[in-house]
Each structure stands twice: as structure tokens, then as C-alpha cells.
Amino acid sequence: MWSNSSVTFRDMETTEIQCPRYQAIRKHTFRMYEKKDKAYSVLTMSTEQQVTVVCHGCLFERQLEEKLEEKLLVKFAKEDLIRSAFSLSERVKH
Ligand SMILES: [Zn+2]
């Protein structure tokens, strides 16, 4: 986890998965961290992303498997695109 002040996070969606502490199915939230790195230049601003999962029961936050994390990052990126396209068309309509 980064300790940089330019890191923000968003809670993306909830899911019901196994909690390693309760040893039972609990509600969890996928949390996406984004680190905006402006160190190089404005033009090549890079964004690093990381997804964790937070348990609603014990509030334990843990890292995801790399494969699952990649899958979720792609999914959230698509949802962001759809959302911004939708809000754009909403603006055109009104
Ligand atoms: Zn838990």
C-alpha cells in the first residue's frame, strides 16, 4: 500500500465472498486505489491502480490475487467508460 498523499480510493461494488477470519461468507466491498504520479510531466502522467477487498464483518482489508485484480481493473475501467458515455448522452438530451 502506498503512503503517498496523491493516492485516492473509490469503493466500487459489493460482493459476497469467503472471509478468512470468520471462515464464512460475508459481504465485502472491492476498493480501488489510484495513485496519480505527476513526477515525470503532465503529458505522461501515469496512474497506478490497485484493488483490495474489505470485509463488512471484521473490516479486514486484504490484497487480491493478481489475476483477479487485473480482471477487476479491466471491469471497472469499462464501467467508468460506460458511465462517462452515459452522462455525456444525458447532457446532450437535456
Ligand atoms: Zn471478515
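L59 is exposed in this predicted model, as 8 other C-beta atoms lie within 10 Å of L59. This leucine occupies the loop between β3 (46-55) and β4 (61-63). Although L59 is not a glycine, its phi is positive, at about 60°.

**A second residue with positive phi**

- Q23 also has a positive phi of about 60°, and Q23 is not a glycine.
- The loop that holds Q23 runs between β1 (7-19) and β2 (24-37).
- Is Q23 buried or exposed? Q23 counts as exposed because it has 8 C-beta neighbours inside 10 Å, and a residue is classed as exposed at 12 or fewer.

**Secondary structure**

- The protein chain contains four strands and one helix.
- In sequence order, these elements follow the pattern β-β-β-β-α.
- Q23 belongs to the loop between β1 and β2, whereas L59 belongs to the loop between β3 and β4.

**Burial and contacts across the chain**

- The protein chain has 94 residues, of which 5% count as buried.
- What share of the contacts with a separation of 6 or more comes from residues 24 or more positions apart? Such residues account for 37% of those contacts in the protein chain.

Notes
Residues are numbered from 1 along each chain as its sequence is written. This is a predicted model: local features need pLDDT of at least 70, side-chain atom pairs count only at pLDDT 80 or more; totals for chains, interfaces and linings use all residues. Helices (H or I, at least four residues) and strands (E, at least two) are DSSP runs, numbered from the N terminus. A residue is buried if 20 or more other C-beta atoms lie within 10 Å of its own, exposed if 12 or fewer, and partly exposed in between; C-beta atoms are placed from the backbone. Two residues are in contact if their C-beta atoms, placed from the backbone, lie within 7 Å.
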